[in-house]
Amino acid sequence: MNKLSCCLLLILTVISYAPSVAYSDTGRHEITETTNLAQLGADSGKTRRPILLLMSQEDCPFCIRLKHEILNPMVLSGDYDSRIIMRELMIDAISEPRGFDGYELDASIIASEYEVRVTPTMLFLGPDGKELTKRIVGINTVELFSFYVDQAIDKAVQKLNGD
């Protein structure tokens, strides 16, 4: 095999094994921060999709890891768009997001109402803001973590839709 053939074979091999970058229908590639839980609740009720609400903090290394290794790839894939609404609430943010009741509240108060004491915490909520299934607190073995998130999503979808 000559030098040119070897180079072409190497290029084709690299291209065929290179990960492809896909974007969801929404064009998003990472979890979106929310400032309006009332609107999320309305969207959830209209589309019959539960809400995965990540409660996080700006400088939380575990939150960053969870977003980078689990949630952002889920958003990027687009595979979850029809099943769940994924959003993040920064509990140390200066802004005052709207709660499910439509009133502006300090984000830390919303976290207190849900008794969130550790970040990251993932809540699986219905349109009314009530928890549909067991929350996931913290992050452990990344290899198994996606499985647990998928299980919680499945349970939340089933509970919301009465399956």
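## Salt bridges and overall build

The chain in this model holds 5 salt bridges. Keep in mind as you read that the structure is predicted. Side chains of opposite charge can pair when their charged atoms come close. Three of these pairs are worth a look, and they are set out here.

| Salt bridge | N to O distance | Relative accessibility |
|---|---|---|
| D154 and R83 | 2.2 Å | D154 36%, R83 26% |
| R98 and E104 | 3.6 Å | R98 33%, E104 47% |
| E131 and R135 | 2.5 Å | E131 31%, R135 21% |

Let us start with D154 and R83, whose closest N and O atoms lie 2.2 Å apart. This pair links distant parts of the chain: D154 belongs to helix α5 (residues 142–161), while R83 sits in the loop between α3 (61–77) and β3 (85–90), 71 residues away. D154 counts as partly exposed because its relative accessibility is 36%, and R83 is likewise partly exposed, at 26%.

Now for the chain as a whole. The secondary structure consists of 5 helices and 5 strands, arranged along the sequence as α-β-α-β-α-β-α-β-β-α. Of contacts between residues at least 6 apart in sequence, 67% join residues at least 24 apart. Of the 163 residues, 38% count as buried.

What about the cysteines? C60 is buried because its relative accessibility is 8%, and C63 is buried at 0%. A disulfide is a covalent bond between the sulfur atoms of two cysteines. The model has 0 disulfides.

Terms used: Residues numbered from 1 in each chain as written. Predicted model: local features only at pLDDT ≥ 70, side-chain atom pairs only at ≥ 80, totals over all residues. Heavy atoms only, no water. Disulfide = S-S within 2.5 Å. Buried < 20%, exposed > 50% of the residue type's maximum accessible area, 1.4 Å probe, protein only. Helix = DSSP H or I, 4+ residues; strand = E, 2+ residues; numbered from the N terminus. Contact = heavy atoms within 4.5 Å. Salt bridge = Lys/Arg side-chain N within 4 Å of Asp/Glu carboxyl O.
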